[in-house]
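Please read the sequence alongside the coordinates.

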Amino acid sequence: MSTFKGMDRRRFLAGAAALLAGAANAQTAGKINLRFSDVTTADAPRSVALVQTFARDIGEEFNFQPYFGGVLYKQGTELVAVQRGNLEMANLPPSDFANQAPEFDILGAAYVVRDAAHLDRIFKSDVGEAFRKAAREKLGVVILAPAYYGMRQVNIKGKKKIRTPEDLAGVKLRMPAGEGWQLLGRSLGANPVPVAYAETYTALQTGVIDGQDNPLVNDKLMKFYEVTNQIVLTGHNVGFGMLIVRANLFDSLSPAQQQRMMAAAQKAFAGSNAEYLRQEQELLAFFKAQGLDIYTPDVKAFQAYAQRQYLQSPLSRSWPPGMLERINAL
């Protein structure tokens, strides 16, 4: 049985609050502060894994200070905060890296990373090492481990069936800000609209947008099912982040501390990845019980349409030569 299942939510949140409250005493205790920011909720599987596993396994000389729900830094601002020394750690999608190192854009493109197992193979291969090297040399951060969030699916209002990308023409689909995300929306045939994650529920409720795309776990956590009617299982993108730490901080650690930090990150996300996969299966039944229409469209039509959009876009010119073939071969 999963260690996450049946967890006392109030006891967990109280524990997270205690971690934050202890931050003020960390300097006097001589510990190494690790301020961490994420826009997701404190009860998301990856958040729980960081608090319960990562914070414990890195050792007593560290003080892990997690801030969830975007309360410390807004989505898209965390990388700069890490680089400036205002934050030590973050968990960021490829698009945030691509703002400064465009070669990362390929990892967020539609239908490139196929599933959780493929993501794991990528980061255990020479492909993953190439991206780790780029992150250190160009961004000044160390990638500790990838964190799977789930397959992104289209979640919309209305009764119109979506079978092909042409059926999404004119549909205002929420996407995070940034050209990479906007291209992802266009690659599905939709009209992408930049809306902050925390504002998506209200935007759906008021008609600012017609739909959004997220992993099923996020749809439940954010209660998007309350203001939508359909989940279209496009499986167009693997939602994932990369846990990073500022490189000069990492380099100041002893080899044993560095190894412990890497191992703790990989262990934490191995657990949360399994939990996301388990929840994805269970949530299909949950959403059906909530009255949502759930079905699979013509995925091959979506794949072909998306590929054309990316190949016609200037963004694909930033993809390292031969990288798509190397990723596909894994």
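Tyr-197 has a relative accessible area of 9% and is therefore buried, where buried means under 20% relative accessible area, exposed over 50% and partly exposed in between, with a 1.4 Å probe and protein chains only. This is a predicted model, in which local features need pLDDT of at least 70 and side-chain atom pairs count only at pLDDT 80 or more, while totals for chains, interfaces and linings use all residues. Residues are numbered from 1 along each chain as its sequence is written, and side-chain values use heavy atoms, with hydrogens and water left out.

At 0% relative accessibility, Phe-224 is also classed as buried. How are the rings of Tyr-197 and Phe-224 placed? Their centres are 6.3 Å apart and their planes stand at 85 degrees, so the pair is edge-to-face. Rings of Phe, Tyr and Trp (for Trp, the six-membered ring) pair if their centres lie within 6.5 Å; planes under 30 degrees apart count as stacked, over 60 as edge-to-face and the rest as tilted. The pair links distant parts of the chain, 27 residues apart. Tyr-197 sits in the loop between strand E6 (191-194) and helix H8 (200-206), and Phe-224 in the loop between helix H9 (216-221) and strand E8 (230-246). Helices (H or I, at least four residues) and strands (E, at least two) are DSSP runs, numbered from the N terminus.

The loop between H9 and E8 also holds Lys-223. Lys-223 is not a glycine, yet has a positive phi of about 60 degrees. With 40% relative accessibility, Lys-223 counts as partly exposed. Tyr-111 is another residue other than glycine with a positive phi, near 60 degrees. Tyr-111 lies in the loop between helix H4 (94-98) and helix H5 (116-123).

The structure holds 12 aromatic pairs. One of them joins Phe-54 and Phe-64, and is edge-to-face because the ring centres are 5.4 Å apart and the planes are at 75 degrees. Phe-54 belongs to helix H2 and Phe-64 to strand E2 (residues 62-67), so the pair ties together parts that are 10 residues apart in sequence. Phe-54 counts as buried at 0% relative accessibility, and Phe-64 counts as buried at 2%. Phe-36, Phe-54, Phe-64 and Phe-68 form one aromatic cluster.

Helix H2 leads on to a helix crossing. The axes of H2 (residues 45-57) and H11 (residues 255-289) come within 8 Å and cross at roughly 150 degrees. Axes are lines fitted to C-alpha atoms, for helices over the stretch in contact, and angles run from 0 to 180 degrees between N-to-C directions. The crossing angle makes H2 roughly antiparallel to H11; angles under 35 degrees count as roughly parallel, over 145 as roughly antiparallel, 65 to 115 as roughly perpendicular and the rest as oblique. The crossing of H2 and H11 is right-handed, a term used if the near helix is turned clockwise from the far one by less than a right angle, with left-handed for anticlockwise.

Which residues of H2 and H11 make the contact? On the H2 side they include Pro-45, Ala-49, Leu-50, Thr-53 and Phe-54, and on the H11 side Met-261, Ala-264, Ala-268, Phe-269 and Tyr-276 are among them. Contact means heavy atoms within 4.5 Å. By class, the contact of H2 with H11 has 10 nonpolar, 3 polar and 6 charged residues. Here Ala, Val, Leu, Ile, Met, Phe, Trp, Tyr, Cys and Pro count as nonpolar, Asp, Glu, Lys and Arg as charged, and the others, Gly among them, as polar.

A further crossing involves helix H7 (residues 179-186) and helix H12 (residues 299-312), whose axes come within 9 Å and cross at roughly 140 degrees. H7 and H12 are therefore oblique to each other, and their crossing is right-handed. In H7, Leu-183, Leu-184 and Arg-186 meet Tyr-305, Gln-309 and Tyr-310 in H12. This contact of H7 with H12 has 4 nonpolar, 1 polar and 1 charged residues.

Leu-311 is also in helix H12 and counts as exposed at 57% relative accessibility. From C-alpha to C-alpha, Leu-311 and Gln-281 are 33 Å apart in space, and they are 30 residues apart in sequence.

Ala-135, in helix H6 (residues 126-139), is buried, with a relative accessible area of 0%. Leaving aside neighbours within four places in sequence, Ala-135 is in contact with Phe-97, Phe-104, Gly-140, Val-141 and Ile-143.
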